[in-house]
Amino acid sequence: MATDSAALERRQRPARRAGRSNAPRIQSPAAPIAEGIGLDQPFFADKNRAFWILQSIGWSGYFILRSLSGFANSMGWMWVVHTLLLTATGYSLTLLLATLFRRLIAMRALLTVALSLVAVMFAASAFSIIETWSYATFLKPDARPVGFEYLGAILLNFSLLAAWAALYYGINYFLLLEEQIDQRERLESQASSAQLAMLRYQLNPHFLFNTLNSISTLVLLKQTERANAMLARLSSFLRYTLVNEPTAKVTLAQEVETLKLYLEIEKMRFEDRLRPHFKIESETIGARLPSLLLQPLIENAIKYAVTASESGADIWITAHRQGESVRIEVADNGDGEGASLAASPSTGVGLANIRDRLAQAYGAAHAFTTRKNERGGFSVIIEIPFESGDRD
């Protein structure tokens, strides 16, 4: 009986599922009955309905308990009439208090408490006057209360209405807190999605700049067939980036296919100087990861290993399971600037972008390391939780 429709609507939190189950869903025989009477929904999903249910249950309990107390003390049947009048009085007074409290709840806490106490005091006084009059009318007709005698029951009534007010504010402040927590979670989720999208979109201009420069060079050299081929592959690559959501995760198999599209474009520039090698274990191809996560690593390897050497360089992309994680490594055998990058805490847009995207996507549940490898080149190692590609 301590909440009403004026409080903020509580958003139902969606259930979090760890994965999809193929087992058939078994419905309880009582489910249709629960659905028919509204028990299949959260109790406070409908604030107005919850208020009237609690209000009715609370005052019905008051009537039953006080009636039983009267019968136990041999007060007779007129006690039921007296108790029914008191129940109607309390029910009506608390409806008036609810109307007032839903305005007071938006004020400063100190002002809310002070005005609420004053309102409860007036309501308790009115309750006591009606109770004293009813007692003198139905139970002791010869009694003639005067003056302050009408406030003889004010202590009990004040305690009752103060408890009602405390329950009202307790429930409503709890629901308000729940709503604020839900709102903060939604805002944090939106901010995280916006950050991921920004980091993903940051890659496109960086990659386009290099590719369009290469196409421009081919056009100037009048190598139109190669320029057209590069444009066609660039179109396929960009089509992939537009189809996939910037915050979505893709399987490692899809990511590898995208890398091959990218490498086909770069092969037009470097030909035999660029020698990519893929070693992807079969049990990792369904692992999910942020789309275009590995492309900047390949781009860095090309920039610092292939470009820096007249003979070019080999680039290895490997992936294998390690317990509940997937370990992905992008390594090269270049002897240029790439090998010295491991000592730097920040290595430009590419690696900084990867670090930020991993932090946004996995928090502390990932590892990102760079090192000089045994081939004399540069390695970037990523470890992320294994998430099946079959998940929703």
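My entries below go from the overall picture to helix packing and then to the cores.

**Ground rules.** I am working with a predicted model, where local features need pLDDT of at least 70, side-chain atom pairs count only at pLDDT 80 or more, and totals for chains, interfaces and linings use all residues. I number residues from 1 along each chain as its sequence is written, and side-chain values use heavy atoms, with hydrogens and water left out.

**Overall.** I found nine helices and seven strands; these are DSSP runs numbered from the N terminus, helices being H or I of at least four residues and strands E of at least two. Of the 392 residues, 38% are buried, meaning under 20% relative accessible area with a 1.4 Å probe, protein chains only. I also looked at contacts (heavy atoms within 4.5 Å): among those with a separation of 6 or more, 74% join residues 24 or more positions apart.

**Helices 2 and 3.** How do the axes of helix 2 and helix 3 cross? They come within 9 Å and cross at roughly 155°, for residues 47-72 and 78-104. The axes are lines fitted to C-alpha atoms over the stretch in contact, and angles run from 0 to 180 degrees between N-to-C directions. That makes helix 2 roughly antiparallel to helix 3, a label for angles over 145 degrees. By class, I get 13 nonpolar, nine polar and one charged residues in their contact. Nonpolar here is Ala, Val, Leu, Ile, Met, Phe, Trp, Tyr, Cys and Pro, charged is Asp, Glu, Lys and Arg, and the others, Gly among them, are polar. On the helix 2 side I noted Trp 52 and Phe 63, among others, and the helix 3 side includes Leu 84 and Tyr 91.

**Helices 3 and 4.** Helix 4 covers residues 109-139, and its axis lies 10 Å from that of helix 3 at an angle of about 165°. The two helices are therefore roughly antiparallel as well. Their contact has 20 nonpolar, six polar and one charged residues.

**Cores.** A nonpolar core is a set of buried Ala, Val, Leu, Ile, Met, Phe, Trp, Tyr and Cys residues joined through side-chain atoms within 4.5 Å. The largest has 44 residues, with Ile 298, Ile 302, Ile 315 and Ile 382 making the most contacts inside it. Which helix gives the largest share of this core? Helix 7 does, with eight residues. I then checked Ile 302: leaving out residues up to four places away in sequence, its contacts include Tyr 262, Phe 270 and Ile 315. A second, separate core of 19 residues includes Phe 51, Ala 98, Phe 101 and Val 120.

Notes: Angles under 35 degrees count as roughly parallel, over 145 as roughly antiparallel, 65 to 115 as roughly perpendicular and the rest as oblique. Buried means under 20% relative accessible area, exposed over 50%, partly exposed in between (1.4 Å probe, protein chains only).
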